[in-house]
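Hello,

Here is the structure I said I would pass on. My notes on the contact between its domains follow below.

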Amino acid sequence: MASPRTVLYCPVPPAISTPRSRPPLHTRLFADLTPLRTSADYRRLWFGNTVSWVGQQMTALAVSLQVYALTGSTFAVGAVGLCSLVPLVVFGLYGGVIADTVDRRKLGLYSAVGATVLSVALAAAALADVRQVWVLYTVVALQAVCFAMNAPARSSMIPRLLPPEQLPAANALSSLTSNLGMMGGPMLGGVFVGLWGYQAAYLIDVGCFSAALYAMWRLPAMRPDHGGGDEAPRRPSVLEGLRFLATRPNLRMTFFADLAAMVLAQPRALFPAVAVLWFGGDAKTVGLLVAAPAVGAVLGALFSGWLGAVRRHGLAILVSVAAWGAAVACFGLTRHLWLGLFFLAVAGCADTVSMVFRGTMLQAAAPDRMRGRLQGVFIVVVAGGPRLGDFLAGSAADLASPAVAVVGGGLACVVTVLLLALWRRDFARYDARDPQP
């Protein structure tokens, strides 16, 4: 350290002090790749998750196609979603408890091994020409259990691998992974099933899981940090996590805001009806409507470099959720297909922004000993909220009309967000530099 005398002899004139330079435009505009450059562990984890997620989406499509080929029933295909939803809701909470109890690396590794074995079972059943639908239902349910165990552990690791200022960028990259997988996975799955049969998609999924297994295997041990003293829980439980959430208004608001969007303004269940009634289209039109929010979400993640400069995460969540509701309402008012697709894409982009900051708040403001359980609650909300929104939208459309359901739902979302902002004014003042749960 320089002595005071040295400083006197080596002054730095104010006129030549170097100002803080702004980052180049491309780094402020496009997705921030800093987490991938600075952390080899995170880079492997992100790549492994990206590859395995594409494989999982391929398998999901292949299972649906196989169930329909065996039964010829759309109801039977819909039951596949129910087989995955129930385990996600039930085991999501308990997966978070386990993630706050054991080494998260081991939990992530073992659950990924379980998912790999289940994909092998699907391939073996397809090769053996097993024609029992219950076999597919059982494997899908067990895969959902593995995911419910893996996701809280994996998400809880991120704050241990990256500094807090890189969490928004990491969550934007996670959103990019999710949406690209949901767009590209089914497309690739359809190609492989068409060329080589169901077993091809399942076997490729097994290969995709190897990237996730390698990433988990290379990670260091990550036991939860209980902090010691009175704060170290002797027996983590679901109720303890819920009680913690009930006393942390900022974290609780992230879930309320997400539910306002997913339950009140979820139009996807009405896409088949509006494709015909509003746009005079067919199944291709439905496909465009389904794809539009995902395209917007991908674009939102690709051009997410500016999100790292945002400090008022609570305000950003409120604005983005309100933008989702407003875009859905505008979609309900238009009868021009391409304009409708534009508004759905805007909604998807707004959802990405909301997801980035909600995820960052859960990771940064929650203590490490609670991160697994909060991620478990997050899984339940993400899995259950849209399904409840589908039911609400369908019921409203039957009672009134699709237009009333879509426009009314979007406006209800905006009003709810405004009421939440008035109810918890401190949420809009949440500052990422001093994260308070």
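Nine residue pairs are in polar contact across the interface of domain 1 and domain 2, both residues being at pLDDT 80 or more. A polar contact is a pair of N or O atoms within 3.5 Å; within protein, one must be able to donate a hydrogen and the other to accept it, and residues adjacent in sequence count only if both atoms are side-chain atoms. On the side of domain 1 that touches domain 2, the elements giving two or more residues are α5 (74-99), α7 (133-161) and α8 (167-196); helices are DSSP runs of H or I with at least four residues, numbered from the N terminus.

This is a predicted model, in which local features need pLDDT of at least 70 and side-chain atom pairs count only at pLDDT 80 or more, while totals for chains, interfaces and linings use all residues. Residues are numbered from 1 along each chain as its sequence is written, and side-chain values use heavy atoms, with hydrogens and water left out.

The domain assignment (automatic or from a database) places domain 1 at 39-223 and domain 2 at 237-436. Their contact (heavy atoms within 4.5 Å) takes 29 residues from domain 1 and 32 residues from domain 2.

The two domains bury about 2500 Å² between them, 72% of it on carbon and sulfur atoms. Buried area is the accessible area (1.4 Å probe) lost when the two parts are put together, summed over both. Of the area that domain 1 buries against domain 2, Leu93, Pro168 and Asn171 supply 21%, more than any other three residues.

Regards
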